[in-house]
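I open this notebook to record what I looked up, beginning with the ligand and going on to the domains.

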Amino acid sequence: MQKKTVRDIEVKNKKVLMRIDFNVPRDKEGNITDDTRIKAALPTIKYLLDNKAKVILVSHLGRPKGQIDEALRLDKVAQRLSELLGQKVIKTDTTVGPEVEKIVEEMNFGEIVLLENVRFNSGETKNDLELAKALASLAEIYVNDAFGTTHRAHSSTAGVANFLPGVAGFLVEKELQVLGRILNNPARPFVAIIGGAKVSDKIGVIENLISKADTIIIGGGMANTFLKAQGYEMGKSLVEEEKVDLAKDLMEKAAQRGVEFLLPLDLVIADGIDNPGKIEIVEVSKLPTDKMALDIGPETIKLYNQGIKDAKTIVWNGPMGVFEKDEFATGTIQIAQGVAKSEAYSLVGGGDSVAAIKKAGLDKEIDHISTGGGASLEFLEGKELPGVSVLLEK
Ligand code: ADP
Ligand code: MG
């Protein structure tokens, strides 16, 4: 099931409403600190401009909760986009309404406008159809290139497609291709590395990957809950008591399917995250009652990297420890190095995982870094993405 893209529809002399994800990180003064997301949208924007469409961009920034928030206006984003494109970018003061309609009517084909933050409108996150209709009335074609919001059914990601033919931009096309191939036809062995804080965030992914992957590697805070399910005492570590039974079920399912399920052999422990005190490495069976597990230990790293070495496909979501602190970043960094070195096709998704890979300076070694944490996670769970299902089929 493939979705139509901008290549499959005539865009010349057409007004095109394009949803992009310009929700960029900013400093306290509102200056953009990382323009990766703007750069990621450039290929589709350029394609549309080169093909003489009127390009009408719509994005959110932050969480203004349906009200105007001066700090979350998109002017600086428009400015950066203009620099990157080498072309003027018109910026409107509202997302929809008569003024916007006038600007769109008066602009030329081959020109571009960025609408004001769509989340200033209370209808956006409720997928309000009036807002969707107002947005759609500006254009003749809808392009979704905001992969990071495709898991949300909002007016600008899903609702607009009730009124306009919708197609994918290049970014969405690439994400769907890569993620689809990994789920449906992965080169084997297929190794999934799942970490992060909590099991509860990633139950769906683990469940779905048990029926797809050959090996599942568990790290991070969530490993504690699995270790607890194996009968280990986890001291003060982050454990989700109410998920211990589920963790047991997941391990049983993996065993039934012949999926290798790897858990830590040793752990880096301390008194706490902020006041670590003495940092030690212990076997999983030797965790003192007053200590917390904050990273995987060296034996675990060795075991995990052995599995990673021979993989042909690797999916990684969630850090192996509290990587924000250098004392507990070793596991994540060394697993990242293992993934970078392996011949496998590698995909990393998840905000913190991507940050960790960048921190390790290894992002260039990864085959695909997903631009959508939540969206890639839901795709890997086997869920439908509302912002994708509304697009036309090929
Ligand atoms: P991603 O954003 O890549 O999906 P998550 O948000 O699920 O990842 O998890 C990342 C968070 O998990 C990080 O903030 C990290 O500090 C935390 N974490 C990792 N290991 C542990 C641990 N052992 N105990 C507590 N928190 C942990
Ligand atoms: Mg996260």
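**Ligand 1 and its surroundings**

I looked first for polar contacts (pairs of N or O atoms within 3.5 Å), and I found a backbone N or O atom of Gly221 at 3.1 Å from a nitrogen atom of ligand 1. I note that this is a predicted model, in which local features need pLDDT of at least 70 and side-chain atom pairs count only at pLDDT 80 or more, while totals for chains, interfaces and linings use all residues. Residues are numbered from 1 along each chain as its sequence is written, chains are lettered from A and ligands numbered from 1 in the order in which they are written, and side-chain values use heavy atoms, with hydrogens and water left out.

I then turned to the oxygen atoms of the ligand: a polar side-chain atom of Asn317 lies 3.4 Å from an oxygen atom of ligand 1, and a polar backbone atom of Gly351 is 3.4 Å from an oxygen atom of ligand 1. On its own, ligand 1 has 580 Å² of accessible area (Shrake-Rupley method, 1.4 Å probe), of which the protein covers 84%.

Which residues come nearest to ligand 1? Among the 18 around it (a heavy atom within 4 Å), I listed Ala197, Lys202, Glu324, Asp352 and Ser353. I sorted the shell into 6 nonpolar, 9 polar and 3 charged residues, with Gly counted as polar.

**The two domains**

I read the division as domain 1 (6-172) and domain 2 (186-381), with bounds from an automatic or database domain assignment. Their centres, taken over C-alpha atoms, are 36 Å apart.

Conventions:
Polar contact = N/O pair within 3.5 Å; in protein donor to acceptor, adjacent residues only side chain to side chain.
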